[in-house]
Amino acid sequence: MTTAVRVRGLRKEYPGHLAVAGLDLDIHQGEVFALLGPNGAGKTTTVEILEGHRQRTAGEADVLGEDPGKAGRAWRSRIGIVLQTATDAANLSVVETVRHFAKYYPNPRNVEEVIEKVGLTEKAGARVKSLSGGQRRRVDVALGIIGRPELLFLDEPTTGFDPEARRQFWGLIDDLAREGTTILLTTHYLDEVEALADRLVVIARGSIVAQGTPETLGGRGHAEATVRWTDERGEHVERTAFPTKVVNELSGGRRELAGLTVTRPSLEDIYLELIGEKL
Ligand SMILES: Nc1ncnc2c1ncn2[C@@H]1O[C@H](COP(=O)(O)OP(=O)(O)OP(=O)(O)O)[C@@H](O)[C@H]1O
């Protein structure tokens, strides 16, 4: 397995504040990797260091085989970035903006295809300035992928998207991952992580709190299930590692149980528990 990003002991100190306190990360080529954590956890700082936009205080970083703090233009053309802050909208139309950015890359994607991929075909001729917040965000995504990046950084990419646009965006990320693009995703949406990420880390106060897959994070894979049902005596709640057995015993093939549900902790439940312990 080839490593796209390797980080060891990464630290960033701002005057009077330790933002990143010694991170280790390994991101494999072709995987969707999510970085989660509360506001101020150090996610953007970490990502900006890996993008070569911010210098680290200490530690090692290797991104696509180079040190991002020293890498040059050829390396830069191999990465794509969707920043948290929206692209400055000049007086250009969507298609002009995307075409303009395509010129910076040696092997760009087809401009119309990219506009189609982000769902802006109908707005291709509109000035970026006239677009809604969510539509502008889609322009940002288009600019992030126009250069056919090997590694794509997405910092809160779907903020402001309506539900349909989010689903469409998820499809786009799936397609890019299938084509072999490595993706580093920063988001506050747990359902987005569940839908997209192969692996994730949770950071708080600049340190890793937990890591794993969305299915196994923080012991989620073998967390107990909660069985709820209602009968003539009222509502019942039972926590168990064997919900099927409980349901079998309860029903005994005899009757319908009102309000029967079996649930396990969601990724959000696990995340909040992890973060709660740390704050
Ligand atoms: N230029 C700076 N100078 C001083 N402190 C900074 C600077 N940039 C960030 N910080 C501080 O470093 C910490 C980490 O910030 P960072 O933006 O990396 O967090 P984040 O995890 O991306 O948060 P959010 O989810 O809100 O985007 C915060 O406490 C922030 O105030």
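Reader: How far apart do the C-alpha centres of domain 1 and domain 2 lie?

Author: Keep in mind that this is a predicted model. Domain 1 is pieced together from 1-78, 149-155 and 179-218, while domain 2 covers 219-278. Taking the C-alpha centres of domain 1 and domain 2, the separation comes to 35 Å.

Reader: Which element gives the largest share of the side of domain 1 that touches domain 2?

Author: The contact draws 15 residues from domain 1 and 11 residues from domain 2. On the domain 1 side, at least two residues each come from α7 (190-196), β8 (199-204) and β9 (207-212). With 3 residues, the largest share belongs to α7.

Reader: And how many residues on that side of domain 1 are nonpolar, polar and charged?

Author: This is about the domain 1 side of the contact, which takes 15 residues from that domain. Sorted by class, they split into 3 charged, 2 polar and 10 nonpolar.

Reader: Switching to helices: are α3 and α5 roughly parallel or roughly antiparallel?

Author: α3 spans residues 94-102 and α5 spans residues 133-145, and their axes run 9 Å apart. The packing angle is about 25 degrees. Angles under 35 degrees count as roughly parallel, so the pair is roughly parallel.

Reader: Is the crossing of α3 and α5 left-handed or right-handed, then?

Author: From α3, the contact uses V94, T97, V98 and F101, and from α5 it uses V139, A142 and L143. By class that makes 6 nonpolar, 1 polar and no charged residues. As for the way α3 passes α5, the crossing is right-handed.

Reader: What ipTM does the predictor give the complex?

Author: Per residue, the chain averages a pLDDT of 90, and 96% of the residues score at least 70. For the complex, the predictor gives a pTM of 0.87 and an ipTM of 0.96.

How values were computed
Residues numbered from 1 in each chain as written. Predicted model: local features only at pLDDT ≥ 70, side-chain atom pairs only at ≥ 80, totals over all residues. Domains from an automatic or database assignment. Contact = placed C-beta atoms within 7 Å. Helix = DSSP H or I, 4+ residues; strand = E, 2+ residues; numbered from the N terminus. Nonpolar A, V, L, I, M, F, W, Y, C, P; charged D, E, K, R; others polar. Axes fitted to C-alpha atoms, helices over the stretch in contact; angles between N-to-C directions. Parallel < 35°, antiparallel > 145°, perpendicular 65-115°, else oblique. Left-handed = near helix turned anticlockwise from the far one by under 90°. pLDDT = per-residue confidence, 0-100.
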